[in-house]
Amino acid sequence: TDWVFEQEKEYYFLNEIIHEKMKFTLGPFRSLCKGIVVCNDDPYAFAVAIGRSCSRLNRKISDGIDCSASHFCVQLTNTVSNLGSLNDFAMRLAILYKTFALPLSMPMHKLMLNMNILDSNEMIGSRFFAYCKNIMECKNHNPKVSSLLAFKAAENIVLTNKLGPIVFIAPELGRWSTVGGLGVMVDELTQGLAMIHEDVYVISPYYDKNRKGEVGYLAKDPAGFIHKKNITVKAAGSVYTIGVHTGKVSGVNLAFLHHAELFPSPYPDVTAATMLRQIAVFCKGSLEFLCSESLIPAVVVTNDWFTGLVAAYNKNGDFGEVFKGTTFLHIFHNLQEAYEGRIYPGPSDGNMSHIHQLPPYYFSDWGVHYLNPSRCATLCSNQWATVSPSYLQEILSSSPLAPILKTHAKPFAFPNGIPVKARVQKLLSAAADHISATNKLQQKYFKMADVNDSIHVFAFEGRVVAQKGVHLICEAAGSLIHKFQGKINLMVGGQAQRKNPYALNCD
């Protein structure tokens with residue numbers, strides 16, 4: 001040891017010496033020999049090791065090198081993985097914030113990015129952010145908490161760990177135009193993202209009439225929507241002036257595009273050319289609106305066939321390189337043949353390329369005599385997703401689009417779930433209990449003056465389409481009436497397109 005000078009010694013914690021990479025530089029024809037001495041219960045060695053570990057961590061953070069093996073980072077992740085106390089986590093988080101983030105003027109989320117373990121271990125990463133949110137929630141019980149370093153660190157992590165602007169584009173939405181599950185899912189998912197501090201936008205048509213036949217329903221909405229401006233959209237061989245109505249609900253920025261002729265109502269019965277024109281103008285108009293707002297999203301999420309041309313207009317170069325850094329994700333809510341959005345041109349329509357103004361192969365294979373917006377979305381989006389893992393496997397194995405769906409690596413699916421608390425409150429606001437609900441249904445739809453609890457009520461609400469199996473209700477009606485000796489109320493409510501043979505047969 002007489003040959004080893006103090007300044008040549010290096011101090012490490014056990015985890016660091018096992019997992020960290022050590023770099024040494026040797027001159028020509030030189031060799032190097034390093035020994036290890038274990039220091040037990042040595043306060044001096046511990047203090048020096050802390051200082052040296054800080055210095056190495058500082059350099060790694062500045063150089064963007066993985067620092068997950070550093071002593072401080074190990075202590076922090078151990079607290080999370082072992083479900084340690086919130087106080088222990090807060091103390092270590094405050095040390096990281098004071099020792100590294102503040103002196104380096106570095107956002108805490110960048111420090112966390114260097115801790116690759118948060119990305120590689122989903123459980124630890126999820127718990128880590130849950131701990132941070134718990135610290136932030138302490139402010140609700142004690143406002144003085146906001147002055148603590150741990151709170152500032154946690155707030156810095158949560159508020160700066162954002163994906164960036166996320167834009168959803170959907171043909172139906174929430175209380176304004178929902179027809180089926182798509183409108184509910186987009187409404188609830190976007191509100192959930194807003195709750196975790198993401199910057200969320202939704203673009204949807206402002207139909208001339210809503211599902212109740214009301215005109216000007218946005219003007220009556222309690223959210224206070226305003227007509228913000230008009231935009232000009234060059235599409236389908238013409239120039240269209242589109243009104244933009246905006247508002248904010250539950251933290252979500254909403255933009256409704258209005259053109260009474262093009263968007264009369266959700267999914268109207270119109271000719272093939274008119275339907276394609278609606279889709280083209282809405283899809284191109286959505287991107288035009290983003291340009292008019294100088295809003296460049298990190299992610300654009302399109303939903304079902306009506307929005308299938310959005311990614312195509314970007315890929316085709318209609319907007320130059322404006323959305324070069326944007327990821328386009330398409331969600332298939334239903335990909336059965338009847339719900340791909342297939343458009344069958346009439347005898348005089350040709351291939352209708354003069355309307356969509358995109359390469360024809362985006363819409364169909366050679367020899368196919370219909371246009372498929374879902375195919376267009378699959379070919380032009382960066383990734384696709386769907387609403388459940390089982391449905392993902394189903395469409396990969398049985399959908400006519402399966403060959404091109406499989407060209408995307410790792411498409412994903414996740415059930416949206418139900419906001420139980422909010423849904424229960426909504427139900428209770430309509431009826432306090434089962435008897436009250438039965439009473440309201442019988443009075444409104446069966447014109448019964450008083451509730452009759454001995455009469456069984458069977459109800460279906462949804463689109464009258466083959467997938468929903470409405471014909472099974474029709475077929476069972478006679479048997480049910482006989483079984484319950486006429487003491488039965490049967491209700492079927494939902495949109496039915498008169499041109500759809502299935503809907504006509506159920507009428």
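Contact here means heavy atoms within 4.5 Å. Keep in mind that this is a predicted model.

Q: Which residues does Ser 70 touch, not counting residues up to four places away in sequence?
A: Start with where Ser 70 sits: in the loop between α2 and α3. Its C-alpha atom is separated by 8.4 Å from that of Phe 13, which is 57 residues apart from Ser 70 along the chain. Leaving out residues up to four places away, the ones Ser 70 touches are Glu 16, Glu 20, Ser 53 and Leu 57.

Q: Is Ser 70 buried or exposed?
A: Buried means under 20% relative accessible area. Ser 70 has 2% relative accessibility, so the word for Ser 70 is buried.

Q: At what angle do α2 and α3 pack?
A: Two packed helices are described by the angle between their axes and the distance between the axes. For α2 and α3, the axes are 8 Å apart and the angle is about 95°. Angles of 65 to 115 degrees count as roughly perpendicular. That makes α2 and α3 roughly perpendicular, at an angle of about 95°.

Q: Which residues in α3 meet α2?
A: On the α2 side, the residues in this contact are Ile 50, Ser 53, Cys 54 and Leu 57. By class, the contact splits into 5 nonpolar, 2 polar and no charged residues. On the α3 side, the partners are His 71, Phe 72 and Cys 73.

Q: How many residues of α3 are buried?
A: Helix α3 covers residues 71-81, and it is mostly covered. Among its buried residues are His 71, Phe 72 and Cys 73, along with Val 74 and Leu 76. Out of 11 residues in α3, the number buried is 8.

Q: Which residue just after α3 takes a positive phi?
A: Look just past the end of α3 and check the backbone there. The phi is about 55°, and the residue is Leu 83.

Q: How far apart are the axes of α4 and α8?
A: Helix α4 is residues 86-101 and helix α8 is residues 149-160. They pack at an angle of about 75°, and are therefore roughly perpendicular to each other. Their axes are apart by 8 Å.

Q: Which residues in α4 meet α8?
A: From α8, the contact takes in Leu 149, Ala 150, Lys 152, Ala 153, Ala 154 and Ile 157. The whole contact divides into 9 nonpolar, no polar and 2 charged residues. From α4, the residues are Ala 90, Leu 93, Ala 94, Tyr 97 and Lys 98.

Q: At roughly what angle do the axes of α4 and α7 cross?
A: Helix α7 is residues 122-137, and its axis comes within 10 Å of the axis of α4. The two helices count as roughly perpendicular because of their angle. The axes cross at roughly 95°.

Q: How many polar residues does the contact of α4 with α7 have?
A: From α4 come Leu 86, Phe 89, Ala 90 and Leu 93, while α7 brings Phe 128, Tyr 131, Cys 132, Asn 134 and Ile 135. Sort them by class and you get 8 nonpolar and no charged residues. The polar count is 1.

Q: Which element gives the most to the lining of the largest cavity?
A: There is 1 cavity of 30 Å³ or more, with about 40 Å³ of space in the largest cavity. Its lining is Trp 176, Asp 187, Thr 190, Gln 191, Val 249, Val 252 and Leu 254. Two elements give two or more residues to this lining: α10 (181-195) and β5 (252-258). With 3 residues, the biggest giver is α10.

Q: Is Ser 250 buried, partly exposed or exposed?
A: Ser 250 is in the loop between β4 (238-249) and β5. Ser 250 is not a glycine, yet it has a positive phi of about 55°. Its relative accessible area is 48%, so Ser 250 is partly exposed.

Q: What is the relative accessibility of Tyr 267?
A: Tyr 267 sits in the loop between β5 and α11 (272-292). Although not a glycine, Tyr 267 has a positive phi of about 50°. Tyr 267 counts as buried, with a relative accessibility of 13%.

Conventions:
Residues numbered from 1 in each chain as written. Predicted model: local features only at pLDDT ≥ 70, side-chain atom pairs only at ≥ 80, totals over all residues. Heavy atoms only, no water. 1 Å grid on protein atoms, 1.4 Å probe; cavity = no way out; pocket = protein on both sides within 12 Å on 5 of 7 lines; lining within 4 Å. Points joined across faces, edges and corners; volume = space filled by probe spheres on them. Helix = DSSP H or I, 4+ residues; strand = E, 2+ residues; numbered from the N terminus. Axes fitted to C-alpha atoms, helices over the stretch in contact; angles between N-to-C directions. Parallel < 35°, antiparallel > 145°, perpendicular 65-115°, else oblique. Nonpolar A, V, L, I, M, F, W, Y, C, P; charged D, E, K, R; others polar. Buried < 20%, exposed > 50% of the residue type's maximum accessible area, 1.4 Å probe, protein only.
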